[in-house]
Amino acid sequence: MTKGNTDESGGTQTQSWKLAPKPGLDRVREAARRDRAMRFTSLLHHVDEAALLRAFGSINHNATAGVDGVTWKQYGEGLEEKLRDLCGRIHRGAYRPQPSRRAYIPKTDGTKRALGIAALEDKIVQAAVAAVLNAIYEVDFFGFSYGYRPGRGQHHALDALSVAIQTTKVNYILDADIRGYFDTIDHAMLLQHVQERVGDPRVLRLIERWLQAGVVEEGRWKASEAGTPQGATISPLLANVYLHCVLDRWAHAWRKTSCNGEMIIVRYADDFIVGFQYEEDAKKFQEALRARLQQYRLELHPDKTRLLEFGRFAIERSKRRGGGKPKTFNFLGFTHICETSEKGFWVKRIPMKERVRRALQRWKIQLRRVMHKPIPEVGKWLTKALDGYYAYYAVPGGLWPLQKMKRQLGYLWFKVLRRRSQNRTLNWGRMQKLVEEWLPRPHLRHPLPSVRFAVRNPR
């Protein structure tokens, strides 16, 4: 069920002046589909002024500036002349990428994720080249790959995983994660894999220069000996190409030749879930996977990779052994739980406790910063924040944790309002009216996985 997925490519919508995709890319896509071994030796001519204009329109208008300090709005002044000059430099070989600006964001495990914020001009060129390469690689990528692909998102991967577990003979789950994947990709091996399909030396030279541009941290330049900077426009595509060659093709072949029972796989970037009918297959695959990744200087994260019993018979087997409920696993922000109902077995998904805790902690800090602002102003902000959270997490079976989170957020707001009031006239009864007035109730934002999956994948 995870194999059959949409073949459609969804384009990014921007302003009305954005030009339609160039018909030449359709010819590239058709050629790539006809011959899966074809090497494209002439691609850079697709990166013209029109392609750069489309790339400029697709960039986040409010994104942080890179080392050049140029914002989207600033670059838009005299845009036609700037893009003409940029296009000329690209085709003359005079274009030189700038290093990325290093920034850090916190991760759920307490560590920090390093980001590389590219200069705006580099973002434009990378987006234009990525559009050309996507026309080739979207034909090659397997259906179980969902991360950073046009027309696909986290919920498509979540739907495919739930449908696969509920409709196949999955009894064991390998929850796998590659340690520091984006920071450990070998440049030489990556370029070698890209060259399997891309034979244009000018495009290959651009990719190599982006990989070797380095980063600027605290005013100092550092070389990039491995990895692709997270935050660069081209990085998700290159990371997908690398894992397609290292993992996807190998796992697809292993399933056909070495697996005795049923096997499913769903991958989103470097996080992937593999399901097995037999425990023996699961253990063999895990060992083979570890050896396979070592060949490409990658390794499974020892703390985030584990094998557990999960599926329609997990609850019954756990009871026979005198144990508690079957173990759960996390994927794309949701905790997946074995559940049964009158209709039979199903996979329950609720927001990860760590994600909820972090969201409440973030809102608590922000509430203290705006504690003296009028209640309607704070209420509107909380409504927007909570509604954005619901947009991702309000899935069937997962509303009660969101209702609990809403009550906790209301209590945090109550404590902040009591703190700013000297006579403390606000009681919980009055606060409940404010909560019901401003904090929206959670309601379903997503259909059942089987419904949406069947619509997108009719076969």
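Contact here means that heavy atoms lie within 4.5 Å. In this structure, the buried residues of helix H8 pack against H5, H9, helix H10 (235-257) and helix H11 (279-295). The model is a predicted one, in which local features need pLDDT of at least 70 and side-chain atom pairs count only at pLDDT 80 or more, while totals for chains, interfaces and linings use all residues. Residues are numbered from 1 along each chain as its sequence is written, and side-chain values use heavy atoms, with hydrogens and water left out.

**Helix H8**

- Helices are DSSP runs of H or I with at least four residues, numbered from the N terminus.
- Buried means under 20% relative accessible area, exposed over 50% and partly exposed in between, with a 1.4 Å probe and protein chains only.
- The buried residues of H8 are His187, Met189, Leu190, Leu191, His193 and Val194.

**Helices H4 and H5**

- Helix H4 (residues 79-92) packs with helix H5 (residues 120-140) at an angle of about 65°, and their axes are 12 Å apart.
- Axes are lines fitted to C-alpha atoms, for helices over the stretch in contact, and angles run from 0 to 180 degrees between N-to-C directions.
- H4 and H5 are therefore roughly perpendicular to each other; angles under 35 degrees count as roughly parallel, over 145 as roughly antiparallel, 65 to 115 as roughly perpendicular and the rest as oblique.
- On the H4 side, Leu83, Leu86, Arg89 and Ile90 meet Glu121, Ile124 and Val125 of H5.
- By class, this contact of H4 with H5 has 5 nonpolar, no polar and 2 charged residues; Ala, Val, Leu, Ile, Met, Phe, Trp, Tyr, Cys and Pro count as nonpolar, Asp, Glu, Lys and Arg as charged, and the others, Gly among them, as polar.

**Helices H5 and H9**

- H5 also packs with helix H9 (residues 201-211), at an angle of about 130° and with the axes 12 Å apart.
- H5 and H9 are therefore oblique to each other.
- Val125, Gln126, Val129 and Leu133 of H5 make the contact with Val203, Leu206, Ile207 and Trp210 of H9.
- The contact of H5 with H9 has, by class, 7 nonpolar, 1 polar and no charged residues.

**Cysteines**

- With a disulfide taken as a pair of cysteine sulfur atoms within 2.5 Å, the count comes to 0 disulfides.
- Cysteine 338 is in no disulfide, and the nearest cysteine sulfur, that of cysteine 259, is 19 Å away.
- Cysteine 338 is buried, with a relative accessible area of 7%.
- Cysteine 87 counts as buried at 11% relative accessibility.

Key. Helix = DSSP H or I, 4+ residues; strand = E, 2+ residues; numbered from the N terminus.
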